[in-house]
Amino acid sequence: MKVVSTYLYQEWNTPLHRLNPVAKLLVFSCFILTATLYLDVAVPLTFLIVSWLMGWIFAHISPLALMRRLSPILAAALGLAIFNTLFYGGPREHLLVALGPIHIWREGLFIGSSIGLRILCVASYSILYMWTTDPSRLVASLMQQARMPYRLAYAVLAAYRFLPILQREWGHIQAAQQVRAAHLSRHESGLRRIVRSGMPLLVSGIRQAERLAIAMDARAFGASPRRTHYIRTHMKASDYAFTVASLAACGLILFALSELGLLRSFLVGVAESLAGAPQ
Amino acid sequence: MSQERLDLGLARWTTREIIVMAVISVALGLIFMAYSVLYLALVPFLGQVGIMLLLGFYYLTGILVPYIVRRPGAALVASFLAAFTELLAGSPFGIAAVWAGLVQGAGAEVVFALRGWRDYRLPVLMGAAVLSGVFGYVYEYFLLSYAVLEPIVQLGLFLVRIPSAIVLAGWLGKVLGDGLARTGVLRGLAITRSRS
């Protein structure tokens with residue numbers, strides 16, 4: 001099974017690619033958090049569209065490409081929307097459907113859709129982030145801007161280097177077990193299968209880790225509290241400008257939505273559902 | 001300077017411990033992505049509450065790695081690394097997963113800290129897995145607005161994950177750790193030193 005997708009980082013030279021990775025992570029996390037704090041359909045929908053526009057304008061990624069990549073998550077989002085609609089426990093006034101024990105309320109449908117859209121929103125920003133962020137620059141920036149300890153950062157880099165190696169290893173393990181017809185054994189749950197292939201993967205990974213650690217020790221890794229960097233990342237004026245502009249835009253969107261009467265806060269929703277719950 | 005102060009005690013780790021932690025976390029990150037395919041496919045059959053029976057597996061990194069290297073911070077860092085792998089490897093929930101990894105790792109770390117980072121017997125591992133689940137629930141409570149659900153469903157989402165965490169993270173972490181120790185690849189790490 002191929003787990004790591006081929007549609008990862010695309011090395012283009014666009015404003016979103018050049019943006020400082022930590023600044024981008026903060027801005028995207030902020031957008032996701034905002035979409036999470038409101039129970040309206042309008043908020044996650046707006047931020048979903050914002051992610052498409054952002055990819056289009058600042059990274060030359062067509063909204064269609066992003067939507068296509070989102071389609072596998074559609075089922076999960078829909079499932080979550082249905083679940084939240086059916087088991088909605090907040091205040092309710094408008095009954096839409098009553099089929100035996102199943103009651104669908106307009107309020108529930110509304111909030112269910114909001115939560116389903118929210119998941120699409122999370123996915124859209126995550127995908128946009130991966131497509132436009134060079135992992136090496138991300139780690140460099142975590143060290144240099146977010147002050148991550150460099151020994152940890154190098155663990156992350158080593159881990160990243162191991163990804164394709166372990167990926168190949170996983171394929172080899174599957175093939176080896178197929179040769180011995182392990183996949184034909186009947187009484188095996190999905191979990192057992194994962195353990196059966198996972199164990200050799202861990203063993204071979206740990207063996208390689210030992211060799212890598214010896215090589216790093218031989219080059220005096222970690223001997224000095226400070227170190228120099230091959231890839232240098234900076235917070236340039238444009239990075240600050242982008243961050244501030246994005247957060248301002250975020251505020252502006254919320255203001256506009258509230259003027260339009262489309263904003264209902266999460267906290268209000270919680271208070272209402274707590275008040276309306278014990279019936 | 002500041003880089004030294006922020007070393008989270010990592011300065012005391014050997015290079016081998018750091019790299020072994022990284023590799024196990026990455027491998028588990030990959031396994032989690034394979035697992036997620038199965039997980040999402042089963043949601044329609046088990047329901048959103050029933051699927052919590054399978055959720056505990058995601059807490060495994062924060063148990064297995066501390067069980068092997070036995071260092072302060074291992075649960076938090078390893079759990080973050082596994083989630084970070086998912087981001088790098090292209091999980092559509094990457095950004096949400098990174099924050100979830102930090103929160104769940106912090107939950108396990110609290111339990112190991114309470115035992116002075118010295119006690120790694122099975123009940124402690126299970127306790128760490130349970131607190132991972134509790135912290136994870138709080139995170140999801142906000143991310144997915146559990147507050148709007150019927151109280152009984154909220155309770156179900158919370159309770160059903162507990163046995164899952166105990167078995168799929170606590171117990172499985174011990175079994176995998178002991179299994180790996182038996183293969184001999186962990187020679188010289190804390191897990192093999194403790195069982196003289």
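Predicted model: local features only at pLDDT ≥ 70, side-chain atom pairs only at ≥ 80, totals over all residues.
**Where the chains meet**

The size of an interface is often given as the accessible area lost when the parts come together. Here, chain B and chain A bury about 6,400 Å² between them, and 79% of that area is on carbon and sulfur atoms. The contact draws 79 residues from chain A and 68 residues from chain B.

Nine residue pairs are in polar contact across the interface of chain B and chain A, with both residues at pLDDT 80 or more. On the side of chain B that touches chain A, the elements giving two or more residues include helix 1 (2-5), helix 4 (74-88) and helix 6 (122-143) of chain B. The largest share of that side comes from helix 2 of chain B, with 19 residues. Sorted by class, the side of chain B that touches chain A has 52 nonpolar, 12 polar and four charged residues.

**Salt bridges**

Side chains of opposite charge can pair when their charged atoms come close. Over all chains, the structure holds six salt bridges, and one salt bridge is found across the interface of chain B and chain A. Two of the pairs are listed here.

| Salt bridge | N to O distance |
|---|---|
| R16(B) and E210(A) | 3.8 Å |
| R71(B) and E17(B) | 3.0 Å |

What does the pair R71(B) and E17(B) tie together? R71(B) lies in the loop between helix 3 (61-69) and helix 4 of chain B, while E17(B) lies in helix 2 of chain B, so the pair joins parts that are 54 residues apart in sequence.

**Two helices to look at**

Start with helix 8 of chain A, residues 150-179. Its 30 residues should span 44 Å at 1.5 Å a residue, and because its end C-alpha atoms are 43 Å apart, the two values agree. A kink of about 35° lies in this helix at L163(A), shortly before the proline P164(A). Just after helix 8 of chain A, A181(A) takes a positive phi of about 60°.

Now turn to helix 5 of chain B, which has 21 residues. From its first C-alpha to its last, helix 5 of chain B reaches 30 Å, close to the expected 30 Å. G116(B) follows helix 5 of chain B, and the phi of G116(B) is positive, near 65°.

Notes. Residues numbered from 1 in each chain as written. Chains lettered and ligands numbered in written order. Heavy atoms only, no water. Contact = heavy atoms within 4.5 Å. Buried area = accessible area lost by both parts, 1.4 Å probe. Salt bridge = Lys/Arg side-chain N within 4 Å of Asp/Glu carboxyl O. Polar contact = N/O pair within 3.5 Å; in protein donor to acceptor, adjacent residues only side chain to side chain. Helix = DSSP H or I, 4+ residues; strand = E, 2+ residues; numbered from the N terminus. Nonpolar A, V, L, I, M, F, W, Y, C, P; charged D, E, K, R; others polar. Expected span 1.5 Å × (residues − 1). Bend = angle between axes of the 7 residues up to and from the residue.
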